[in-house]
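Thanks for sending this one over. Here are a few notes to read alongside the model.

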Amino acid sequence: MRKIVGKRIYDTSNSRIIISLDNGFPLSDERHICWAIYLTPSERWFLYIHAGSLTKLSEIQQNKSVGTESIDILTKNEILPYFKDSERMDLIKKFFPKSYNNIRNKERKKRKREKHKKLFRELIAGEILLYNNNFYCPICNNIFREISYFRTVFRANKIIWLANMVTHTRHNHIKYWDKWWSDFSVDIDKYTEREKNYQIEKNRVNERAKRHIIRNCSDFLIKQKFTVDDFMKLQHTDFHTMELATQKLNPQHNEKKN
Ligand SMILES: [Zn+2]
């Protein structure tokens, strides 16, 4: 079949079939329908449809049902859905490499988003402790931005989580701390008297925070297999904290007591 549109010739006899589909009936059968996407020698696209007289696409001419043939010129955007629906990514890659890369990138992003969602759910469920600079606080049951500094000090995720929890607890679960010191930052090399007090007070409140965590999240800590040693790895952990950790996290200690 041949069609001329705007001085351009679209001809099935000299164009390449790139993709085609039929309903299974042979061409000689009046129930036959087929469609095909063609590429002309001058790289233009068209859709060719052929339908027998006993198909829905048939026409009535002089009270008689007749088969039809048609050619529709397609733009690139109109062809892409045909290729996508036919799951012919190879054709998209071959003829529209830019679109192919875009589709692949979108898929990659989607997979990444889904992975993030899954990990986020695990984070909330307490199955993992840290993810993508976020950590979960079992006291307020929320996700928080991790303090990147701790990654330079500690290597194990467990200890990084614990250090984040101490700071988070100091700011969020021990009320008076932020009231007194929220405007205060320290230059470690130039300690003034107030800075020294801040440091002493901070260490003291950190210990309170650790004990607050042990008291309020002991189930979570046991489930995550935290031990007294993990608390030892944090800076300045004192005797009272160690004693409480031994009491709450060490099942053997509890058994003896019971
Ligand atoms: Zn919290």
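1. Two strands are taken to pair if DSSP finds at least two bridges between them. Helices (H or I, at least four residues) and strands (E, at least two) are DSSP runs, numbered from the N terminus. With that in hand, E3 and strand E4 (residues 33–39) pair in the antiparallel sense over six bridges. Within this pairing, Leu-21 has Trp-35 of E4 as its bridge partner.

2. A word on the basis. This is a predicted model, where local features need pLDDT of at least 70 and side-chain atom pairs count only at pLDDT 80 or more, while totals for chains, interfaces and linings use all residues. Residues are numbered from 1 along each chain as its sequence is written.

3. Now the sheet around that pair. It is open, with four strands in the order E3-E4-E5-E8 and antiparallel pairing. Strand E3 (16–22) and strand E8 (68–74) stand at the edges with a single partner strand each, so one side of each has no neighbour in the sheet.

4. Helix H10 (residues 239–249) is worth a look. Its buried residues (20 or more other C-beta atoms within 10 Å of their own, C-beta atoms being placed from the backbone) are Thr-241, Ala-245, Lys-248 and Leu-249. Seen down the axis of H10, they fall within an arc of 80° (taken from the directions from the helix axis to the C-beta atoms), so they line one face of the helix. The face turned away from the buried side of H10 carries Phe-239, His-240 and Glu-243, which are exposed (12 or fewer such atoms).

5. For the whole protein, the secondary structure comes to 11 helices and 11 strands. Of its 258 residues, 16% count as buried.
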